[in-house]
Amino acid sequence: MVVMYFPEFRTGRVLATSFTGTLSERYGEALERIPVPSRLADWLADNGLTVDSCNQAQLDRARELRESIHAAATAVANEEPLPSSAVRVINECSTQGLASPVLTPEGSREWRLGSGSVEDALSVIAADAIGLVSGEREGKISLCASPTCQAAFLDTSRGHTRRWCDMNLCGNREKKARFLANKRKKATSTD
């Protein structure tokens, strides 16, 4: 029996940017966290968007949406015009699904998918991206300062000075690299 290893999902508080995080280290050794349709179904379920099934064409569409959200968020962070192809894909995905927000007995919001299809789930992610990119959310879209990552994230810090998409991953890695470089520099200067 072959056991397949899949990398863990990176989670966040913003659905759209968490979705773009299913591809990490975009500018280094890229790590695809949804390599097969079943992993997309797993990610959706982990985010309250349980679907009945997922096929390769739906995974391809999901990846197209993911890259469109990343392109649009990157444009906003860099204060550039939105790519028209990204806007088209986000809008298409937003309008092609049937999903409704519902209030839980605990007073929180959940999404109810109309048919339990991947398209319904993608419409929720696209709608979240529209709210994010259009500036409806409190905060500022920023890009991770790691040159290999550059993931988009919503910076809600007081002065909008957050530098890393995840301090425990990118931030620590960059600080460690700086520390080791300084240590090597000191070692060569004392020789």
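Modeller: Helix H3 (residues 56-77) packs with helix H4 (residues 84-95) at an angle of about 130°, and their axes are 8 Å apart. Helices here are DSSP runs of H or I with at least four residues, numbered from the N terminus. The axes are lines fitted to C-alpha atoms over the stretch in contact, and angles run from 0 to 180 degrees between N-to-C directions. The angle therefore makes H3 oblique to H4, a term for angles that are not under 35 degrees (roughly parallel), over 145 (roughly antiparallel) or 65 to 115 (roughly perpendicular). The crossing of H3 past H4 is left-handed, meaning that the near helix is turned anticlockwise from the far one by less than a right angle.

This is a predicted model, in which local features need pLDDT of at least 70, side-chain atom pairs count only at pLDDT 80 or more, and totals for chains, interfaces and linings use all residues. Residues are numbered from 1 along each chain as its sequence is written, and side-chain values use heavy atoms, with hydrogens and water left out.

On the H3 side, the contact (heavy atoms within 4.5 Å) is made by Arg 61, Glu 64, Leu 65, Ser 68, Ile 69, Ala 71 and Ala 72. H4 contributes Ser 85, Ala 86, Arg 88, Val 89, Ile 90, Glu 92 and Cys 93. The residues of this contact of H3 with H4 comprise eight nonpolar, two polar and four charged; Ala, Val, Leu, Ile, Met, Phe, Trp, Tyr, Cys and Pro count as nonpolar, Asp, Glu, Lys and Arg as charged, and the others, Gly among them, as polar.

Definitions and conventions. Helix = DSSP H or I, 4+ residues; strand = E, 2+ residues; numbered from the N terminus.
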